[in-house]
Amino acid sequence: MLKLNFPNYSFRFKESDGAPLIFDLIRKKFMVLTPEEWVRQHVVNYLISELNYPKSHINVEKQLLLNNTKKRYDIVVYNVDGSIHLIVECKAPSIKITQDTFDQIARYNLVTNATYLMVTNGLDHFFCKMDYEAEKYVFLKELPEKGTS
């Protein structure tokens, strides 16, 4: 797989029916290794290893209801009180991050009300803090570590 703009992490791989699989630390099972899954697994490791978010606060690929339509977010990090600290939208490295990507995560955030947003294709990362009073994103150079926001 393509080298991404993240630190190097150790992953567990295997093959099933000729398809490469990667172990997901959060779902605790092997997942088909698609380009988007490759990005998702790097983000999970980044959140745990670099930003010190507990695995127990991270959720991957769960459904949410948006205007009576079922959508699926990539990664969410919860606060201790159950509110959402961070929502992450992952794209394959071949997908350019555009305004449409930000619109997608903004729509998801209408339901999640996260404090922070992250959009990445594994090569380019964008981080935002929500300013709900001014109804805008504040772009950041990086996400805060656990306990520093």
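**Entry 1: helix H1**

How many of the 15 residues of H1 are buried? I counted 11, and H1 is mostly covered. I took buried to be under 20% relative accessible area, exposed over 50%, and partly exposed in between, with a 1.4 Å probe and protein chains only. Helices (H or I, at least four residues) and strands (E, at least two) are DSSP runs, numbered from the N terminus.

I note that this is a predicted model, in which local features need pLDDT of at least 70 and side-chain atom pairs count only at pLDDT 80 or more, while totals for chains, interfaces and linings use all residues. Residues are numbered from 1 along each chain as its sequence is written, and side-chain values use heavy atoms, with hydrogens and water left out.

Among the buried residues of H1 I listed Trp-38, Val-39, Val-43 and Leu-47. I then checked the length of H1. The expected span is 1.5 Å times one less than the number of residues. The end C-alpha atoms of H1 are 21 Å apart, which agrees with the 21 Å that its 15 residues should span.

**Entry 2: the nonpolar cores**

I looked next for nonpolar cores, meaning sets of buried Ala, Val, Leu, Ile, Met, Phe, Trp, Tyr and Cys residues joined through side-chain atoms within 4.5 Å. The largest has 26 residues, and Val-43, Leu-47, Ile-58, Ile-75, Leu-86, Met-118 and Leu-143 have the most contacts inside it. At least two residues of this core come from each of H1 (35-49), E4 (58-66), E5 (69-78), E6 (84-90) and E7 (116-120). H1 gives the most, with six residues.

A second, separate core has 14 residues, including Leu-64, Ile-97, Ile-105 and Cys-128.

For Leu-47 I listed contacts (heavy atoms within 4.5 Å). Not counting residues up to four places away in sequence, Leu-47 touches Asn-52, Tyr-53, Ile-58, Ile-75, Val-77, Leu-86 and Leu-143.

**Entry 3: helix H2**

H2 runs over residues 99-112 and reaches 19 Å from its first C-alpha to its last, close to the 20 Å expected. Which residues of H2 are buried? I found Thr-101, Phe-102, Gln-104, Ile-105, Tyr-108, Asn-109 and Thr-112. They lie on the same side of H2 because they cover an arc of only 155° around the axis, taken from the directions from the helix axis to the C-beta atoms. The face turned away from this buried side carries the exposed residues Gln-99, Asp-100 and Leu-110.

Most residues other than glycine have a negative phi. Asn-113 is partly exposed, at a relative accessible area of 47%.

Glu-135 also takes a positive phi, near 55°, in the hairpin of E8 and E9, which has four residues between the strands. Glu-135 is exposed, with a relative accessible area of 74%. E8 (residues 125-131) and E9 (residues 136-140) pair in the antiparallel sense over five bridges; pairing requires that DSSP finds at least two bridges between two strands. Asp-131 stands opposite Lys-136 in E9.

**Entry 4: Asn-121**

The side chain of Asn-121 reaches the backbone oxygen of Ile-95 at 3.0 Å.

Notes: A polar contact is a pair of N or O atoms within 3.5 Å; within protein, one must be able to donate a hydrogen and the other to accept it, and residues adjacent in sequence count only if both atoms are side-chain atoms.
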